[in-house]
Amino acid sequence: MKKWIRWQGLGVFVIIVIIVFGFWYLFIDGIVERAIERQATQAVGAKVELESADLTIFPAGLHVSHLQVTNPDDPMKNAVEISRINLSLEAAHLLRRKIIVKEMALDGIQLNTPRKISGALVSRASAPPVLKKEPKKRPQEKITFTAFSVPDVAEILEREELESLKLVTSLQGDIQKEKDTWRMRLNELPDRKKFNEYRSRIQQLKKKKSFGGLLGTAGDIAAIKKDIANDLNRIKQARQGLDRTLASLKGKYDQAKKAPLKDVERLKKKYSLSTQGIANMSGLLFGSRINDWTQKAFMWYERLKPLLEGSVKNRKHGEPDTSLRGKGVYIRFKEKEPLPDFLIRTVNAQLQIEAGDLEGSIKDITNRQDILGIPLTFIFSGENMKGLTSLNLSGALDHINASRSKDTVNFTVQGFNVRDIALSKGDQLPITLNNAVVDLDLKALIKGDTIVANLISKLGSVRMETGAKDTGGVVMSSIASMLSTVSRFTLKADITGTLDKYTTTLDSDLDDVLKNAADNAVGRQAAQLEKDLKKGIFSKVDGPLGQAKESLSGFDGISGELAQRGKLGNSLMKDLRLPF
Amino acid sequence: MIKMIAKFLKVLNSETEPGQISLAFCLAMILGLTPLMSLHNLVVILLMLLVRVNLSACILGWVFFSGIAYILDPLFNLIGLVVLTLKGLEGLWTSLYNSTLFRLAKFNNSIVMGSFLFSLIFFIPLYLLFNQIIRKYRVYVLEWVQKTKFMKAFKANKLYKAYQAVSGWGGTS
């Protein structure tokens, strides 16, 4: 036995173990520091730095000082800067290769702080691919309206073709044409000369006295009678035709007489001002900002979401974790007390914002909620802050079942003083919110990829300043004047859809106030336009219309002539009655 | 390294028990084939130091088997995956998974499990095989090798001088 065992080897083994642990104890802080920086930098896609990290064994914990997380979109700023991080670990779980943080305290959290040197990565090859979304088309910050200046009436009448004038011109042509036709036709009809011939023939027949002559006379009389009757019939038909022509021309005349008013209506409709753009004035004033906030919130949510759901969704026990080349895969089995590999049970944080300090806590942070079975919850609040009465933020991120994730956020702000915010920068109607006290209530629910968010903000002690110029016209002046009198209003925003494609609907009582003001101004403008158009159109149409009326009276002569010829024919027919 | 090889050759050519050299190789096989930072390797190192095995053989064997491990990693991964996902063994793995000691041993890693099983299976056969090889070498090859032109040339070079330098060290390591 002695031949096979060398007891001094045990001593060597102990020395080796002591050396390894000594090495670990001396260098572990640096290793942890670099590991945190490397992993976090890779996750964020920009430099993450810390001043120092101190790992303690008894009790198990880690103290990190001055952590700076660069904003990947603005490398000269830190997205977050934290003065101190103290965390206590559950040591027993470390042996099972689980990092369970009992409590984490974050002191002096500051957002959006400037950096001395850029935190951009020199080579972003190692950074995870960040999906760059096309920025959504933002609503205009310049408020512009389609038609707030009306062209001059003379210009309108020069540019537009008047239906009434066309009708009158056409009527004049028709009257002239018909006159010519009837003059020609009058020449073709039996005239006075013809009827005088009939009279001469009748006189000669009356002179015949013999029996034979009388018999022949009767035959001749019948023939003359027939001829006269035919001529009278032609005259009668002509008179009927003339009546029809006159009726038609009079109808056209009546139409032409009414046409100017139709033109006035049509042009008034076309050139009147519209208040359509004002119907959603709140959208124009606040839409851009709300859209910006929504996009930023969604961007951070999309970044955080994978951290809550881990790399593999819905794994079952006995199934491998993600494989790493050359490092094998870890197979998970059912645990008696299931715990994820990484869990922070409680984070107590103090957030320093411009208005003051916000305090709150986050519970149950893990990348495997499916194992823990508890959603992440958070609550932050601040009271009596600078320019802010109170602020409360709470919510839950439930990704226990990643395919049916449900996240809720409630955010309320009371008495938030807003000063000097440019709501519109356009030349036409620049608007500045000089002062307002805002009460804000936001409720958001994200189920899977679907979002329903509702924001109600009540603005009191409002003072708005507008720099509307005279070029904006009466409507602009009315809006500007009304805005300066608004002292309070409510703004509601509803965001619905998916994270990729959502719609923001804004509604405010400010819209009604402004629309009424604009409607009144537009109404006044429309009445003036109508008056001017009537004057302009009638001055163009009245002359030709009078000429047409005069021309129509020219048909009286033709009509009289036809009547006279008919009379002559009828008197001849009386003369032909027997006995002579 | 030259001194290490020379030392090993000296042991190989001496009257040292072949089992001490073979066992050193077999323990080095576990150390080399399985991931170094595994709990069981602490036991293997303890055995290497506590049991009177040839340390030069251990180190050479470790270097040799570490090289082989890179080639065999896919095979170990496959073996580990098959064994760890066997339905019949699920109960055993589950109870081990709930033990802190075994979790620390990373038994549920496919390469740790695959390479460890592979090493265990080949431990005794290789021990016996190495014993046989060493014995046969000493009986048949050693004398013939000494007479070859290559060995004569070898004796004239640096390696042989190193061998000579340690030849006076007596005993096994």
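1. Between chain B and chain A of this predicted model, the count is one salt bridge. B:Arg103 forms that salt bridge with A:Glu335, and the closest N and O atoms are 3.3 Å apart.

2. On the side of chain B that touches chain A, at least two residues each come from helices H2 (18-33), H3 (39-50), H4 (55-84), H5 (90-97), H6 (100-104) and H7. The most come from H3(B), with six residues. In total, the contact takes 35 residues from chain B and 28 residues from chain A. The two chains bury about 2900 Å² between them, and carbon and sulfur atoms give 58% of that area.

3. H7(B) has a kink of about 50 degrees, centred on B:Val141. At the start of H7(B), the backbone nitrogen of B:Ile111 has a side-chain oxygen of B:Asn109 within 2.9 Å.

4. In chain A, Gln68 deserves a look. A:Gln68 is part of strand E2 (residues 61-71). A:Gln68 counts as buried because its relative accessibility is 17%, which is under the 20% cut-off. The side chain of A:Gln68 makes a polar contact of 2.9 Å with the side chain of A:Asn78. Beyond neighbours within four places in sequence, the residues in contact with A:Gln68 include A:Lys47, A:Val48, A:Glu49, A:Val80, A:Glu81 and A:Arg115.

Terms used:
Residues are numbered from 1 along each chain as its sequence is written. Chains are lettered from A and ligands numbered from 1 in the order in which they are written. This is a predicted model: local features need pLDDT of at least 70, side-chain atom pairs count only at pLDDT 80 or more; totals for chains, interfaces and linings use all residues. Side-chain values use heavy atoms; hydrogens and water are left out. The bend at a residue is the angle between axes fitted to the seven residues ending there and the seven starting there. Helices (H or I, at least four residues) and strands (E, at least two) are DSSP runs, numbered from the N terminus. A polar contact is a pair of N or O atoms within 3.5 Å; within protein, one must be able to donate a hydrogen and the other to accept it, and residues adjacent in sequence count only if both atoms are side-chain atoms. Buried means under 20% relative accessible area, exposed over 50%, partly exposed in between (1.4 Å probe, protein chains only). Contact means heavy atoms within 4.5 Å. Buried area is the accessible area (1.4 Å probe) that two parts lose on being put together, summed over both. A salt bridge is a side-chain nitrogen of Lys or Arg within 4 Å of a carboxyl oxygen of Asp or Glu.
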